[in-house]
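Here is a short report for a first look. Please view the sequence and the structure before reading on.

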Amino acid sequence: MKEQLILIQKDCEKSCADISSLNSLRNQSILITGGTGFVGKWIAEMICYLNEKENFNIKLYLLSRNVELFKTEVPHLAKKSYVNLIEQDVRNIYEIPNDIQWVVNAAGSPDSKEHSSQPIKTIETFTKGTTSLFESCFRLPDLKKIVHLSSHQVYGKINSEKPIDEKQFGSLDAYNLNSIYAESKRLTETYCAIYRNQYRMPIIIARPFAFIGPYQSLNKHWAVNSFIRDGLFGDSIRILGDGNTVRSYLYGSDMAYWILSMLSNGISGECYNLGSSERINLIELANKIVNLLNRNIKINSKSSKESYDNTSIIVPDLSKVFNQLKIEVNIDIDFALMRTIQWNKK
Amino acid sequence: MKNILISDPTLRDGNHAVSHKLNLKQIAIYCEAANYANVPIVEVGHGNGLGASSLQVGLSDVTDRQMLETAKKHLTKSKLGIHCIPGFATIKRDLANAIDIGVDVIRVASHCTEADITQRHLGYIRERGKEAYGVLMMSHMAPANLLLEEAQKMENYGAEGIIIMDSAGAYLPSDVTEKISTLVEGLDIPVGFHAHNNLGLAIANSITALESGAKILDGTARGFGAGAGNAQLEVLVAVLIKMGYKTGIDLYNILDASDIAEKEIMPSIPVIKSESIVSGLAGVFSGFSKHVKRISEEFKIDQRDIYFELGKRRVVAGQEDIIIEVAMEILKNKK
Amino acid sequence: MIKKRVAIIGSGNIGTDLLIKIQRSSYLECVLFIGRNLSSPGMAKAISLGIKVSDESIQAIIKDPDCCDIVFDATSAKDAIHHWEILEKLGKIVIDMTPAKLGGLCIPAVNMAESIILKNINMITCGGQASIPIAYLIGKLHKDIEYIEVVSSIASKSAGPATRLNLDEYIETTELGVKLFSNAKNAKAILNLNPAEPCIDMQTTIFAKLDNPKIDELKIEVDKMITSIKKYVPGYQLLVEPIYENGKIVVMIKVQGLGDYLPKYAGNLDIINCAAVAVAEQFAINNQS
């Protein structure tokens, strides 16, 4: 385990392409809501790296409904002197420590299992959670910036081969149970616009695509997690649906560095894609995993259809991110898969 | 041929240049000349518009009522326009009377990020059946996306067009392109531009605005206006004729009108003075220039220092009182 | 000392900031915090302080009329009119934070004694609280003043939607107050919103157009006034002492907030609330029986 944690710190170092671009975060206080999820843990790791290797002296507040879980899952982070855990449901926030200057709003689960079984709670966590947080942030004496994590799902259904840029919106069927997540994310983006305009708060929206890496549970239903789980513990990798489906995966330490860069250098009012531009289809992905596992394992396809008219392609266009923030993907898919498998073998 | 709506604030912005001392005779003479030249809208009043005669900005010698009644009498073809800033002008005290007198066009203005304060005024004007425009002043201080949001609010409040003002004369043509195109793209109503000439770009910026999709332009006779003055109306008209735009203004008659204006209402023709260049660079409201000049003389300090300090503090139109404070602070730091 | 029991109607920024200030008071005790929405941030704050809350608006007091002695009305001018019809019959002392102008206008440093015998006390406006004490002094020292003008600039962030929508009422009420306290024939109030970041402090300038200024006497009086206002508004400061410039007296004031509910830039919120609490406390002291 200890070696794994050292590797994670090395990943953070690898992702930190330009330390000086984060200088405005030195000696500052940062709050992460949803602090104990994948995003929160990776940002905590990154801040651990910045504080201990680069003397950033950042004070980190992690707000979560379940602080105990964080303590058991990542005791090495929980006991750092600069990590402060706040146990609260984001929907009930009314007051947060006055010294907070930077905020990353990452509360709410992206897990569609939860969206299906707890739809009302899902919507409330995003909407009420966001307004409660923003109301409290409004009263902070020295608020510098907020990065709000939305989702690529706000883009709706886009039938295009091309990567999705920040202004490309497709359709979304509001009267549909599968729209719970996307519609709540759309509404919270409108809240962001309101709080930025009417309350004059500096807010940036990040729209995550798929992530990969340690700290991500293999029990999520997303393709890459299932493939690795089945590859490690099962007897075959099952591709559900169209094997030509194209996705891309941003590694955890890259994600954490990107979010901190957006916090430090993003322009209020802007939206940025948060994901990798490296395209990969599910068949290629499964093959890569099989090769890395070095284990004789079959790949099966399961599908309701003989063929697909439109291949689903969900990959971000990163022109704006490169141009405005000068950040890049530092960890490629092969390395990311290797590290994820390594982590899960433990 | 494309139509461009010209609004002429010689008798409003020009009032800044004479510390709001234009008299009724001057108003009558210029209104008559502009009316004869077919200028579509003639804007009249205190430099900061209705209800703005004050110690803060400068006291007018004549009342809003007198100015508007005089102008109305001499405008038979041209529409009578006024500028109106909530926070200075109230509906009951100022706007209701102005409409009773016969004002046709009212431009409700706010600092470029504060459009919310125009809701009731714009609504009232539309209720009274008059033409209402929204004006975003000091528009160089907000990015294009924010200007658009503020302009959209004004559109929702009932504005029939949005004019962005380069109140500090701080724009480069590329700024004009970015901001005007963003507004044109995002709004259904026409967009206009009001230039100041601190960096010698008033005409060039006005033309850039047209090329970016603006449909309304402001210009004043000889550029008579606050600070370094505005886009020179007779030049603008000539350039527009050469470019093939239609304004409805007669060239000879507007040239005559500007000659009359020079002779009858201007103690001196606007030039870009050294301090105006600094004011433009620092992004300070052009209407401050007379105050800065007076106060810098009284306190014996360099005007340029005052401008840069005002720019640093991001002072907005209407905050003339800060000039004294800044001057006293500069003086204190010198000692 | 028996604390007077107060209720606050209106759970917005004004109401919630009043609550925090009253929590510190030795003479007042908030027994009921009333709004319309139990999940608003102000309500959450009140609940966290252990204050009894209600979402029933004025009905909460109608149902339990004996719960309090003083009511702070921090709603809107329109609602305050309706509330006063009820509260007057119930015999409550009302401190009106809205520009409804139902009762006597109050500036604690100027007319505390006459105010605390009233049943309805109006706190004018934030700009009024900052400027009128100085306008009053100018009026006291000079006869037949033609014109006084007060200009306030506040941080945009500190002006909520209601303030923005009601600029005309702000101007009317402030002008009325300036005229009343200074005896000037004409008065004008101007309000600017400045969006600069970091936020500006509230700044108020008082101009008086007159010919024979008594600047030296005014300076002494202003200093005394500032000392007495500072007792209830700690962030009230003289920014530019009285000068005579271009035919007018100029005095500039800066008001920094205490940073209770909103950050320190919201001096506008702070000054009117501090003034209101000062009046209520004086009432409590004078009515101990």
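The report below covers confidence, overall shape and nonpolar cores.

## Confidence

This is a predicted model. It scores ipTM 0.93 and pTM 0.92. Chain C has an average pLDDT of 95. In that chain, 100% of the residues score at least 70.

Confidence within chain C is highest in strand β4 (residues 70–73), at 98. It is lowest in helix α7 (residues 161–165), where the mean is 89.

## Shape and fold of chain C

Chain C holds 10 helices and 12 strands. Its C-alpha trace spans about 60 × 45 × 30 Å along the principal axes. The radius of gyration of chain C is 19 Å. A compact globule of 289 residues would come out near 19 Å, so the two agree.

Of the 289 residues in chain C, 59% are buried. Take the contacts in chain C with a separation of 6 or more: 68% of them join residues 24 or more positions apart.

## Nonpolar cores

The largest nonpolar core has 299 residues. Which residues have the most contacts inside it? They are A:Ile259, C:Ile8 and C:Ala276. Helix α10 (residues 267–286) of chain C gives this core its largest share, 12 residues.

Another core, of five residues, lies apart from the largest one. Among its members are A:Val154, A:Tyr155, A:Ile164 and A:Ala182.

Back in the largest core, A:Ile259 is one of the residues with the most contacts. Leaving out residues up to four places away in sequence, A:Ile259 touches A:Ile43, A:Val104, A:Val147 and A:Ala206.

Key
Residues numbered from 1 in each chain as written. Chains lettered and ligands numbered in written order. Predicted model: local features only at pLDDT ≥ 70, side-chain atom pairs only at ≥ 80, totals over all residues. pLDDT = per-residue confidence, 0-100. Helix = DSSP H or I, 4+ residues; strand = E, 2+ residues; numbered from the N terminus. Rg over C-alpha atoms; globule rule 2.2 N^0.38 Å. Buried ≥ 20, exposed ≤ 12 C-beta atoms within 10 Å, placed from the backbone. Contact = placed C-beta atoms within 7 Å. Core = buried A, V, L, I, M, F, W, Y, C linked by C-beta atoms within 7 Å.
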